[in-house]
Amino acid sequence: MKVEWRRIDSFLGNFSTPELTYYRPCPICGSIKNRTIVEIRNFQYYSDSAVNPKRVKFRQNQCWNCYALFLNPCFSNYGFSVLFEEAGMSYGASPKRYDEIDRWMREKGLFDKGGIVLDAGCYEGTLLAKFPSKMKRVGVDIDASVIERGRSRYGNQGIEFIVGDFESFRYSFQPDIITMFHILEHLPRPVEALRYLRRISKSDTNLLIEVPILEKGKTNDINGFFSPQHMTHFSKTSLDNILLTSGWNPLSVNEMPSYNGLRVIARPSTIGGEIKHETGDMGFLCENLSHWYNSIANIEQVLEKTKSSPRMAIWGGGVHTELVYHLTSFFDQNPEREYVIIDSDPAKNGKSWRGIRIFEPSSLPIASFEKCPLLISSYSSQESILKAAKNAGFFEEDIIKLYNSIERY
């Protein structure tokens, strides 16, 4: 296949559309009083499209009543469908993480009584497949395509799959365990989802929730704590507030030592109570923003070595590259520079991002990249991409890594 080198922003069909998003009050306390913390205009999710444009206003806000942090505007149902169309490999956890969750739940004795386990946000059902076969295992997810893949992979193991959102899906049994691992932060109406799960639960149903928290949010990733794929950004206080508001009583709270995760076991309780107004979250926010800007400054220093290159290959056609576009000088260094993007995700192959073609790695003649620098545009996959790039024929001295270390798996 011939390599097609193109300049940045050479696709002119993209534009922002109001149908992708809507404005909302604070998703935890309902207040309309808030302030903007971070704003990026014309933030593009994934590939170019004149039919389904994917550019939105990316604005992180803080509630002035309960100090919760949240994306506003957030995605509409239509916006979510456009986003999930190409989210592909950007979602789902690592096998190591699934193994750790299963082991932790077994150690806690949560499977001892058997019964029904419901995984809310099950993706393809990989976590459910780890759980004991004596359990009735049910997964629900809003993305119909991943549910179909789950049925194909795990349907013969007795796992049941449901397509639906967490506020209205239909299920006739009361679960004994509900799991939501790194799901709550993606929901536009988290209180309503938790209240619905409470409504279908028994009095002794165990709800397991895990979310990233502000207190452990400092990372060298260009995403920082404010991932553009998260609708709500929790702290210990705001997670406690949302459980209180939605009618769940925390029984245990566990910080995960090897990555940013707060894992809570809760049971149904009365709805309502006094919202905590924790001003200490302001200090954590300032620390995170300072650390984030320092991380971007470090990335900027790495990118200094690319200034003179007339052509650049980029491995990674996802949100990370969009953040490099908005937060660094990389694409402004040389307006005449040409690029090509490499990405192994089938959902992106054959498309373009801001005019730059996206190719599957094995389809490219590596000889075309002789003496051409390759920028790895990924955080968690940086080392696996480095290995794949060297196996494909790129010389290590031509490969640019943005991070000296990866701070989570």
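**Cysteines and salt bridges**

Analyst: The sulfur of cysteine 26 lies 3.7 Å from the closest cysteine sulfur, that of cysteine 66, which is too far for a bond. The model is a predicted one.

User: How many disulfides does a search of the whole structure find?

Analyst: A disulfide needs two cysteine sulfur atoms within 2.5 Å. For cysteine 66, the closest cysteine sulfur is in cysteine 26, at 3.7 Å, too far for a bond. Over the whole structure, the number of disulfides found is zero.

User: Is cysteine 26 buried or exposed?

Analyst: Buried means under 20% relative accessible area. Cysteine 26 has 3% relative accessibility, so this residue counts as buried.

User: What is the relative accessible area of cysteine 66?

Analyst: The cut-off for buried is under 20%. Cysteine 66 is buried, and its relative accessible area is 2%.

User: How many salt bridges does a search of the whole structure find?

Analyst: Side chains of opposite charge can pair when their charged atoms come close. The cut-off used here is 4 Å between a side-chain nitrogen of Lys or Arg and a carboxyl oxygen of Asp or Glu. Searching the whole structure gives a salt bridge count of 25.

User: Which arginine meets glutamate 124 in a salt bridge, and where do the two residues lie?

Analyst: The N to O distance in this salt bridge is 2.6 Å, and the partner of glutamate 124 is arginine 153. The pair links distant parts of the chain, 29 residues apart. Glutamate 124 sits in the loop between β6 (116-120) and α3 (126-130), while arginine 153 is in helix α4 (residues 144-154).

User: Which helix holds both glutamate 148 and arginine 151?

Analyst: These two residues form a salt bridge, with their closest N and O atoms 2.7 Å apart. Glutamate 148 is partly exposed at 46%, and arginine 151 is partly exposed at 36%. They are three residues apart, about one turn of the helix, and that helix is α4.

User: How far apart are the closest N and O atoms of glutamate 396 and lysine 390?

Analyst: Glutamate 396 is partly exposed, at 46% relative accessibility. Lysine 390 is partly exposed too, at 37%. The two form a salt bridge, and their closest N and O atoms are separated by 3.6 Å.

User: Which residues do salt bridges with shared partners join into one network?

Analyst: Here the salt bridges share partners. The network they make joins Glu4, Arg6 and Arg357.

How values were computed. Residues numbered from 1 in each chain as written. Predicted model: local features only at pLDDT ≥ 70, side-chain atom pairs only at ≥ 80, totals over all residues. Heavy atoms only, no water. Buried < 20%, exposed > 50% of the residue type's maximum accessible area, 1.4 Å probe, protein only. Helix = DSSP H or I, 4+ residues; strand = E, 2+ residues; numbered from the N terminus.
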